[in-house]
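Please keep the sequence and the structure in view while reading.

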Amino acid sequence: MKGVLSGYKVLDFGRYISGPFCAALLADMGANVIRVEPVEGSDDRYVMPIGEDESGGGAVHYHVNRGKRSIAIDTSTSEGRQVVERLIASADVVVANLPPKALTKLGLDYATLCAIRPDIILTTVNAYGLNGPYRDEIGFDCTGQALSGAMALTGTPEQPYRAAVSYVDYSTAISAALGTVSALLKRERTGQGEHVHCSLLKTALTITNSMLIEEASGARSRVATGNRSPISGPSDLFRTRDGWIMIQVIGNMMFRRWAQMVDQPELVDDPRFSDDQSRGDNGKALSAITAAWAADKTLEACMARAQAHRLPVTPMLSPGQAFTAPAIAQGEMLEYVSTRDNQQIPIVTTLCDFAVNGHDTPAPAPTLGAHTAAILKEAGFDAGTIDRLAATGTISETFMTSD
């Protein structure tokens with residue numbers, strides 16, 4: 001929502017996805033988000049490089065750091081640490097996705113931050129949570145996918161697969177942003193700060209929780225079924241003459257319409273398909289029928305027939321095809337911003353649409369240290385001190401040639 005977090009300052013020490021994307025969501029809502037980086041730049045800035053000028057950043061950087069400003073500081077020096085402490089003193093929120101031991105080493109643990117500003121809100125993410133033997137171990141998105149049981153249910157029993165997209169990272173970031181906003185609301189009422197913590201593993205377990213309940217109850221043990229749903233059917237990806245379509249059938253009324261579509265209405269009375277779970281258990285047979293129905297038809301013909309029977313159906317698109325899909329292109333889901341070398345790249349912003357307030361198009365992700373001088377001036381540093389810090393390498397000089 002446009003400006004809802006206007007006036008709040010966020011220091012983003014995050015790296016890669018979960019921390020930075022949490023901060024990006026706060027920036028989308030109007031917060032003044034400052035990305036704090038080392039003077040040489042962070043490795044995550046260059047993940048999935050695009051364009052001829054790779055120094056501008058990669059695709060991940062452009063996505064998760066939109067709407068932020070950048071300051072580059074050598075925090076390993078005493079002067080660099082003093083600069084960080086000055087920034088913390090005027091900040092409302094600090095975001096970092098690091099294990100507890102690393103937070104303490106960097107002086108970003110809650111106790112240290114509270115000594116600087118008692119009502120600070122610290123939002124942290126790590127792989128395994130704050131308790132247990134692995135709290136200080138490093139992990140990434142696939143840590144959650146593998147340990148939650150999700151990876152064992154993706155692909156086939158012979159060959160499990162990880163999800164191609166980092167859904168654990170992004171979901172954790174969304175949870176962290178929700179927790180941060182909740183902590184800000186609490187502080188408005190009580191004046192108290194808070195340590196908000198999310199973990200990749202807990203997020204992944206949340207997403208697989210229904211499977212865990214099912215397993216613990218003894219009802220059944222799931223196995224991987226490819227693209228076929230184990231809880232209803234037919235729900236699968238089907239090849240047509242010129243592409244792939246996804247059809248999902250849930251509920252008795254929808255199943256009846258599917259049976260009519262494939263010209264086998266007698267299947268409605270087949271005891272193997274009496275309810276959703278039965279259809280999921282016998283989904284292989286239903287997928288075979290649907291696959292045979294789609295095989296000699298064009299994608300357009302399959303889509304038209306399924307839509308005529310009011311069935312959820314969609315083509316499978318490549319990332320390149322997604323740009324022109326009516327649901328995306330005409331649904332106003334992408335906004336275009338410029339890269340350092342003037343490419344126009346699509347950014348999906350504002351996960352929630354607000355009818356009354358709307359939102360602003362975000363500024364593109366910043367170049368390294370682009371706002372160092374301006375941020376230090378706001379924190380009370382005079383021009384002479386800033387020049388001296390730049391001369392000693394405590395801060396990056398890139399701000400001198402960047403907007």
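Proline 234 sits in the loop between α9 (209–217) and β7 (235–240). The peptide bond that joins glycine 233 to proline 234 is cis, with omega at about -5°. Most peptide bonds are trans. The model is a predicted one, and the cis bond is a feature of that prediction.

## The chain as a whole

The chain has 403 residues, of which 44% count as buried. Its secondary structure comes to 17 helices and eleven strands. The C-alpha trace spans about 85 × 50 × 40 Å along its principal axes.

Contacts between residues at least 6 apart in sequence were also sorted by separation. Of these contacts, 68% join residues at least 24 apart.

## Positive phi values

Most residues other than glycine have a negative phi. Tyrosine 16 has a positive phi, near 65°. This tyrosine is found in the loop between β1 (9–12) and α1, and at 36% relative accessibility tyrosine 16 counts as partly exposed, because the value falls between the cut-offs of 20% and 50%.

Methionine 48 also is not a glycine and has a positive phi, about 60°. Its place is the loop between β2 (32–37) and α2. With a relative accessible area of 52%, methionine 48 is over the 50% cut-off and therefore counts as exposed. A glycine with positive phi, glycine 30, follows α1; its phi is near 105°.

Is helix α1 mostly covered or mostly exposed? Eleven of its eleven residues are buried, so under the 20% cut-off α1 is mostly covered. The buried residues of α1 include Phe21, Cys22, Leu25 and Leu26, and also Ser18, Gly19 and Asp28.

The largest nonpolar core has 29 residues, and within it Val10 and Phe21 touch the most other members. Elements that each supply at least two residues of this core are α1 (18–28), α2 (59–64), β4 (93–96), β5 (121–126), α7 (167–190), β6 (194–199) and α8 (200–207). The largest contribution comes from α1, with seven residues. Leaving out residues up to four places away in sequence, phenylalanine 21 touches His63, Val64, Arg66, Tyr170, Ala173 and Ile174. Apart from this core lies another one, of 26 residues, including Ile34, Ile73, Ile375 and Ile395.

## Helices α7 and α8

Which residues of α7 meet α8? From α7 they are Tyr167, Val168, Asp169, Ser171 and Thr172, and the partners in α8 are Leu200, Thr203, Ala204 and Ile207. By class, this contact has five nonpolar, three polar and one charged residues.

## Helices α10 and α12

Helix α10 (residues 252–261) packs with helix α12 (residues 283–295) at an angle of about 40°, and the axes are 11 Å apart. That angle makes α10 oblique to α12, because angles under 35 degrees count as roughly parallel and those from 65 to 115 as roughly perpendicular. The crossing of α10 past α12 is left-handed.

On the α10 side of the contact are Phe255, Trp258 and Met261, which meet Leu286, Ile289, Thr290 and Trp293 in α12. The residues of this contact divide into six nonpolar, one polar and no charged.

## Aspartate 136

Where is aspartate 136 placed? It is in the loop between β5 and α6 (141–147). Its relative accessible area is 25%, so aspartate 136 is partly exposed. Apart from neighbours within four places in sequence, aspartate 136 is in contact with Pro99, Pro100 and Lys101.

Aspartate 136 can also be located relative to cysteine 198. The two are 62 residues apart in sequence, and their C-alpha atoms are 14 Å apart in space.

Key:
Residues are numbered from 1 along each chain as its sequence is written. This is a predicted model: local features need pLDDT of at least 70, side-chain atom pairs count only at pLDDT 80 or more; totals for chains, interfaces and linings use all residues. Side-chain values use heavy atoms; hydrogens and water are left out. A nonpolar core is a set of buried Ala, Val, Leu, Ile, Met, Phe, Trp, Tyr and Cys residues joined through side-chain atoms within 4.5 Å. Buried means under 20% relative accessible area, exposed over 50%, partly exposed in between (1.4 Å probe, protein chains only). Helices (H or I, at least four residues) and strands (E, at least two) are DSSP runs, numbered from the N terminus. Contact means heavy atoms within 4.5 Å. Axes are lines fitted to C-alpha atoms, for helices over the stretch in contact, and angles run from 0 to 180 degrees between N-to-C directions. Angles under 35 degrees count as roughly parallel, over 145 as roughly antiparallel, 65 to 115 as roughly perpendicular and the rest as oblique. A crossing is left-handed if the near helix is turned anticlockwise from the far one by less than a right angle, and right-handed if clockwise. Ala, Val, Leu, Ile, Met, Phe, Trp, Tyr, Cys and Pro count as nonpolar, Asp, Glu, Lys and Arg as charged, and the others, Gly among them, as polar.
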